[in-house]
Protein chains: 2
Amino acid sequence: MNQLHELGKKAVSAKFELQKMTTEEKNEALKCVAKALLDKKDIILAANAVDIKIGEENGMHVGKLDRLRLNDERIKALAEGVLQVVELPDPVGEVMETSECANGLIIEKKRVPMGVVGIIYESRPNVTSDAFALCFKTGNAVILKGGSDAIHSNKAITDVIKEALLACNVTEDAISLIEATDRSVTQEFMRMKEYVDVLIPRGGAGLIRSVVENSTIPVIETGTGNCHIYVDESADVDMAISIIFNAKTQRIGVCNACESLLIHEKIKDKVLPLIANKLKEKQVEIRGDEKSAEVIECVPATEEDYATEYLDYIISVKVVAGVEEAIAHINKYNTKHSEAIITEDKENAEKFMRDVDAACVYVNASTRFTDGFEFGFGAEIGISTQKLHARGPMGLRELTSYKYTIQGNGQIRG
Amino acid sequence: MNQLHELGKKAVSAKFELQKMTTEEKNEALKCVAKALLDKKDIILAANAVDIKIGEENGMHVGKLDRLRLNDERIKALAEGVLQVVELPDPVGEVMETSECANGLIIEKKRVPMGVVGIIYESRPNVTSDAFALCFKTGNAVILKGGSDAIHSNKAITDVIKEALLACNVTEDAISLIEATDRSVTQEFMRMKEYVDVLIPRGGAGLIRSVVENSTIPVIETGTGNCHIYVDESADVDMAISIIFNAKTQRIGVCNACESLLIHEKIKDKVLPLIANKLKEKQVEIRGDEKSAEVIECVPATEEDYATEYLDYIISVKVVAGVEEAIAHINKYNTKHSEAIITEDKENAEKFMRDVDAACVYVNASTRFTDGFEFGFGAEIGISTQKLHARGPMGLRELTSYKYTIQGNGQIRG
């Protein structure tokens, strides 16, 4: 435990150093880091091979092994990820507002780093360098707690970054990795409120739930997406089919994939078979309500189906009486991530955008666009599904806070 | 417990109603509420008399009794508080940003209500109507958990508000009061994450700590202020004395009062006796370090003194070698609320504003200005001392979130 607190103290010291750095200094250091990741790739690959070997011995799932595995190309992608952050504008120091009070006080609201950012993540080692780059560019120190599956890879990447920072005369405590992998350490980390300003979990629903339940540090909840597409009576049918097929099958394991389809009862006879037919191309299993079963072959859907983020070739379907019922169903079952309506009716589109409670609400487009790059924000630290602080894709700006500076000439309160 | 969940469900239903209301409709309802508070003042005063009687019987502290007590004038102030919120601009619906992607998607970032706001507060019944008005104006449903000391007053005020809302055809579930006063209910409330979007504790350090420790709902930490004033070598001495006297003694029980004085060693001999002399006018007890004790009469200060928010006629004093030591001391002991430097040196002022980690950093002005009204934001729901979401005085804007709406014409992700 003492080691953990030592690490917290060092991160706090580092944050005071980092917040003084200019954008140019930060960019130079990031370029050094990107170069070091390429130069030292053999060290990183050797460490990764250890993780892979242990994973294989423990019978790790093929998909998980793939996410864990690094190779030349993926190391190149790590370095490129860091360089992409160099290109992004630095939000720190921006004067967001200025006002002068009647008594002459001048109040400025300025964007400042968050301070120390904690990230708890699962087995993808690319998060180590990605999260570092985003936090560093915004003047934050970062404390990382990766999964035990990737510990050797994460440690190698962290060491390479630390060495590169030192070579640029930047404090190596800008990045720290918690190396202990037992659960009690994670629990202790989540309560290091005196050092850490915000905690961002990245991973599956279980990890996120655990962080929300146990953290005393303010958390930004990310990730889980039980995303719906509602096909309105007036929908362009070809567009609906194309968007549903894309949102469900283009990549199944992601949070912005479509998990549930709602369709207006008046068009179900005509349109539902066409959609089902298209989804057959990818062997998507359909779990539908009774009304769906009247027109397509499907497994009966349960309440639980409507609440499930499958992350698989499965979709739940429900026939609804109209946009109001669609909105009510979505607001009952969704995870506040991304929701879409396919409609040619402007009024229904407006109603859907206003009344659906989600970070991203789409009209006539695939939910798959909820992504920092697609939104033009650049790299993202995650997609927030809470309403406090940040919602939807979180980029550099969402890793900052603000402070007020108030300049006077002796004003006192009467 | 079931009652609590019932209340949560009703608040969620209410939030969907409230977010559809126009600014005019919300203002009309608030005017009805203000009028009802005046019209029904006898009911409110009678209920308050019960709380006061119980408080007196239980030997409640005079200061606390005073904060609990309502009278004609204070009821008038409640109503006026609600009318002030009518006058404030409605942030909901504001389009914060618009962008068009290369693929033709149009992304709008729009300000929306937070949803359901939970407030846990102590014995001041005015919070009941103040918090309701701010939440209602921003389209939020509010669930209130007041202190048991004020339960009769809070219930009367809530009932008057509910009745006024119903008379305007607005859902009475826009406001709910948790009437059970046992601790287990508060604990359960803090974990009602499925209904409540943000929880704001208002009260003493103990209450706030308990909420931070136990809540699974995102919390905005408010309140505690261990505020410092640093008198730099170059300070205008008269200004320093006037600001310290104001910040320490103008009102002692508030979070933006000065609790600790730092002074440059080169001016201590001359200036410290003058400050001590002025503070004697209000019998302020000085707790100083050894160097202070060389020039003024004082009680020896302990480590604990430097970490204490006295909320009393007491101030801790420390002599420092310069602005860097002052900043380091503040960043070690402060609660990230309000900090001030008195200086004529522009460079030191800049350094102090940049490097002190606090919501509000002052140059040559009293820390007492940290307040929504003083900042020109209007009524405030609290003063945030965390960095996530909101920092410093929180007004209407800070009670909102945002959502992205994305409009396309069939875009799918490649």
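**View 1. A loop of chain A that holds Gln283(A).** Gln283(A) sits in the loop that runs between helix H11 (268-280) and strand E9 (285-288) of chain A. Here and below, helices (H or I, at least four residues) and strands (E, at least two) are DSSP runs, numbered from the N terminus. This is a predicted model, in which local features need pLDDT of at least 70, side-chain atom pairs count only at pLDDT 80 or more, and totals for chains, interfaces and linings use all residues. Residues are numbered from 1 along each chain as its sequence is written, while chains are lettered from A and ligands numbered from 1 in the order in which they are written. Gln283(A) is not a glycine, yet its phi is positive, near 55°. Is Gln283(A) buried or exposed? It counts as exposed, because it has 8 C-beta neighbours inside 10 Å. (A residue is buried if 20 or more other C-beta atoms lie within 10 Å of its own, exposed if 12 or fewer, and partly exposed in between; C-beta atoms are placed from the backbone.)

**View 2. A loop of chain A that holds Lys336(A).** Look between helix H14 (323-333) and strand E12 (338-342) of chain A to find the loop with Lys336(A). Lys336(A) also has a positive phi, about 65°, although it is not a glycine. Lys336(A) has 25 C-beta neighbours inside 10 Å and therefore counts as buried. As for confidence, the mean pLDDT of chain A is 95, and 100% of its residues reach 70 or more; pLDDT is the predictor's confidence in each residue, from 0 to 100.

**View 3. An open parallel sheet in chain B.** Four strands of chain B line up in the order E5-E4-E3-E6, with parallel pairing. Two strands pair if DSSP finds at least two bridges between them. At the edges are strand E5 (175-177) and strand E6 (198-202) of chain B, each of which pairs on one side only. From one strand to the next, the twist averages 20°. Axes are lines fitted to C-alpha atoms, for helices over the stretch in contact, and angles run from 0 to 180 degrees between N-to-C directions. Strand E4 (residues 141-145) of chain B joins E5(B) through three bridges, and Val142(B) stands opposite Ile175(B) in E5(B). Helix H6 (residues 126-137) of chain B packs on the sheet, touching strand E3 (116-121), E4, E5 and E6 of chain B, and its direction makes about 160° with that of E4(B). Helix H7 (residues 151-167) of chain B packs there too, touching E4 and E5 of chain B at about 155° to the direction of E5(B).

**View 4. Where chain B meets chain A.** Here 55 residues of chain B are in contact with 55 residues of chain A, contact meaning that C-beta atoms, placed from the backbone, lie within 7 Å. Which element gives the most to the side of chain B that touches chain A? That is E16(B), with eleven residues.

**View 5. The axis between the two copies.** A rotation of 180° with 0.0 Å of shift along its axis superposes chain B on chain A (RMSD 0.0 Å). The two copies are thus related as by a two-fold rotation axis. Superposition is by least squares on the C-alpha atoms of residues with pLDDT of at least 70 in both. Of the residues of chain B, His389(B) comes closest to the axis, at 1.8 Å (C-alpha).

Conventions
Two residues are in contact if their C-beta atoms, placed from the backbone, lie within 7 Å.
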